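Trainee: Could we go through this model together, starting with its pockets?

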Amino acid sequence: MSIEQRLEALEKEIQRLKDIEEIRKLKGQYFRCLDGKFWDELETTLSPNIVTSYSDGKLVFHGPKEVTDYFKKTMPKEEISMHMGHTPEITIDSDTTATGKWYLEDKLIFTEGSKYAGAGVNGGAFYTDKYEKVDGKWYILETGYLRVYEEHFFRDPKINITMNMHKTK
């Protein structure tokens, strides 16, 4: 292998690693925006051609607006959520496409003012994503998850939530 070929191979490998890191950051931004209820910013992570398959394929949405409109409606400020993506397995399939698998751990707490006040959910799921790179920027093209488990519980009313970024009072 010539030095030019070795250099070209090294440049490709560096780009592949940079792309993987950008996709990790993208998914991190997606989870942060979801829990922070930063809907406009969440839309910037999604391809205009996004298709979802949430809740084992029961919730299918097309386009960023349809996705965020659903979240706005179903995740009001009275719901504290924490979505954590772990152990990413990202494969760069071409210069402009990639796939990823993530382990999701999520927690939901329904606070005062919610029709589910006092309830909570703990769960785990496997996310499967497809990504596309447009003009040098990665976007989520397809996303969805299959549940591993989900438990519902009621919180002890003596437990006091001392911080809630969404509380308006």
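Trainee: How many nonpolar, polar and charged residues are in the lining of the second largest pocket?
Mentor: This is a predicted model, in which local features need pLDDT of at least 70 and side-chain atom pairs count only at pLDDT 80 or more, while totals for chains, interfaces and linings use all residues. Residues are numbered from 1 along each chain as its sequence is written, and side-chain values use heavy atoms, leaving out hydrogens and water. That lining has seven nonpolar, eight polar and seven charged residues, where Asp, Glu, Lys and Arg count as charged, Ala, Val, Leu, Ile, Met, Phe, Trp, Tyr, Cys and Pro as nonpolar, and the others, including Gly, as polar.

Trainee: And how does the lining of the largest pocket divide?
Mentor: It divides into 18 nonpolar, seven polar and eight charged residues, and β5 gives the most to it, with six residues.

Trainee: New topic: in what order do the strands of the sheet come?
Mentor: The open sheet has five strands (DSSP runs of E, at least two residues), in the order β1-β5-β4-β3-β2 with mixed pairing; strands pair if DSSP finds at least two bridges between them. β1 (46-53) and β2 (79-92) stand at the edges with a single partner strand each, so one side of each is left without a neighbour in the sheet.

Trainee: In which sense do β1 and β5 pair?
Mentor: β1 and β5 (residues 137-154) pair in the parallel sense, over four bridges.

Trainee: Which residue in β5 is the bridge partner of serine 53?
Mentor: Serine 53 has glycine 144 as its bridge partner in β5.

Trainee: Which residues does the record's SnoaL-like domain cover?
Mentor: The unreviewed UniProt entry annotates residues 15-142 as that domain, though such annotations may be inferred rather than shown by experiment.
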